[in-house]
Amino acid sequence: MRRIMVIGAVLVTATLVASCADKAPSVETAATSQQPASLTFDSARVLSAVSNVGAAPILALAPDGRYATAWVSAPDGGTDGRLYVQVSRDVPGRATDVVQHELRDALGPIEPHGEAPPKLAWSARADGGLTLGALYVVGKLVPGKRFPASALRFVRSDDGGNTWSNAVTVTDDTTQGLDADFGSHNFHALYAAPNGTFHVAWLDGRAGKSAVYTTHSTDGGRTWARNVRVVPVGAPLTEACPCCRTAITADADGHVYLAWRAVIPDTSSPAPSPAPAAAPGGHQMHGASGPTIRDIVVSRSDDGGTTWGAPQRVHADNWVFDGCPHAGPSLALDSAGTLHAAWWTGKAGAAGVFYTQSRDRAQSFSAAVPLGVASASQPAHVQLAVRGRTVFATWDDGTKRVPSVVLRTSHDGGATFAEAVAVSEAWQGGVVSGARRRVRRTRHYHCVE
């Protein structure tokens, strides 16, 4: 049985969709300093026995120590996708510590897309309790259309996963010719701000070409604000790479940060990079025709997500590529207000995972730090988490012939990183497919695969 491999630390998981490279090039990594001893993980535990197989897993850690995991499965490997959610306390996988629920959606099957998995977040309530929110996509086949229509749906639990609300749609448009709720809404992100607000971002095709939209909820996900297009039509960087996930984070003062891969006109017109091969069972690359640059940008809102500033590139990779690699960025915000960002680029000669940070609210970014870079790399799906001055970066290493899940840790706020630690076992590799999901744990940090 082939296995889906996902790794996370603290509040983060990485959905892995990797494939083997033709050869294993030499890898460039960030300079290291004298770091504390590397993390070690215990043995993996199976969580998804109830559904036999599982796809697109995710994890979210609550402030009180509980953590929720979720994945998509269908009976007998069919197409009737359901969302399975487990809420555990302390030791993963103990039956006495687990609340488990199967969620179905009246609109149709829940999608198990690797680059757009369901998202979980814990939101603090005014009464001192916690609301667990889940965001996912329901797919619908449309005759004559290349891709399924999609509805972006949200459900919540106010009692630790024992009971769940009816699903609501967070988007407010309908694409002409489709039923209500459906359109082109996917590659989403969910974040619960310190003030309890749920923020959602996604890629949307309601105006034609793919663009980034957002909304937010201040009542625990019961109702949602009107959808906001982050970059107006006709403005620079208005088009988004159509299949790379978005990332969103926020602070306690109403500042919200959003990252995505932008489509940028290439004025130099060099030969585009060759397309990385699609992952086994994955989607082919696609996107705009003609020479374009596919680099990561960040936009900031100072009013809780109602309006947005002009996006800024985190680094001028200048990766010329006429397609979409299915590899979005990751963001994390620490208690000092430093914004941390990581991403993958396929630029020939400098391909792989990079890290940077901003100390001026995304107006500028530090020099890009190579975390795992080589002459060539298959798409990698990096995720960040921060705890104090400790920064965790984890991803599926596409620079290797046989991909594996790796973790690099910084204990000085991102100035230097320890050497990469392989988390996935050698026989598991980093290639993902439908299978069981398991959890591994080391003291305060958890990993799901």
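Here is a walk through the fold, its nonpolar cores and a few of its side-chain pairs.

Keep in mind that this is a predicted model. Start with the secondary structure: the protein chain has 30 strands and 0 helices. Of its 449 residues, 59% are buried. If you look at contacts with a separation of 6 or more, 60% of them join residues 24 or more positions apart. As for the surface, the chain exposes about 17600 Å², and carbon and sulfur atoms supply 50% of that.

Now head inside. In soluble globular proteins, nonpolar side chains tend to be buried together. The largest nonpolar core here has 28 residues. Its residues with the most contacts inside the core are Val212, Val230, Ile248, Leu258, Trp260, Ala262 and Trp308. The top contributor is β18, with 6 residues. A second, separate core holds 24 residues, including Ala68, Val72, Trp122 and Phe182.

Ala262 is worth a stop of its own. Leaving aside residues up to four places away in sequence, Ala262 touches Leu237, Glu239, Ala240, Cys241, Ile293, Arg294, Asp295 and Val297. Val297 also gives us a way over to the next region: its C-alpha atom is 9.6 Å from that of Ala316, a residue 19 positions away along the chain. Ala316 sits in the loop between β20 (312-313) and β21 (330-333). With 44% relative accessibility, Ala316 counts as partly exposed.

What about Trp319, buried or exposed? Trp319 is buried, at a relative accessible area of 0%. Trp344 is buried too, with a relative accessible area of 0%. The whole structure contains 8 aromatic pairs, and Trp319 with Trp344 is one of them, in an edge-to-face arrangement with 5.3 Å centre to centre and 85 degrees between the planes. Trp319 belongs to the loop between β20 and β21, while Trp344 is in strand β22 (residues 339-345), so their pairing ties together parts that are 25 residues apart in sequence.

There are other rings to look at. Phe154, Phe198 and Trp224 form one aromatic cluster.

Note on methods
Residues numbered from 1 in each chain as written. Predicted model: local features only at pLDDT ≥ 70, side-chain atom pairs only at ≥ 80, totals over all residues. Heavy atoms only, no water. Helix = DSSP H or I, 4+ residues; strand = E, 2+ residues; numbered from the N terminus. Buried < 20%, exposed > 50% of the residue type's maximum accessible area, 1.4 Å probe, protein only. Contact = heavy atoms within 4.5 Å. Areas by Shrake-Rupley, 256 points an atom, 1.4 Å probe, with all protein chains shown as cover. Phe/Tyr/Trp six-rings, centres within 6.5 Å; stacked < 30°, edge-to-face > 60°. Core = buried A, V, L, I, M, F, W, Y, C linked by side-chain atoms within 4.5 Å.
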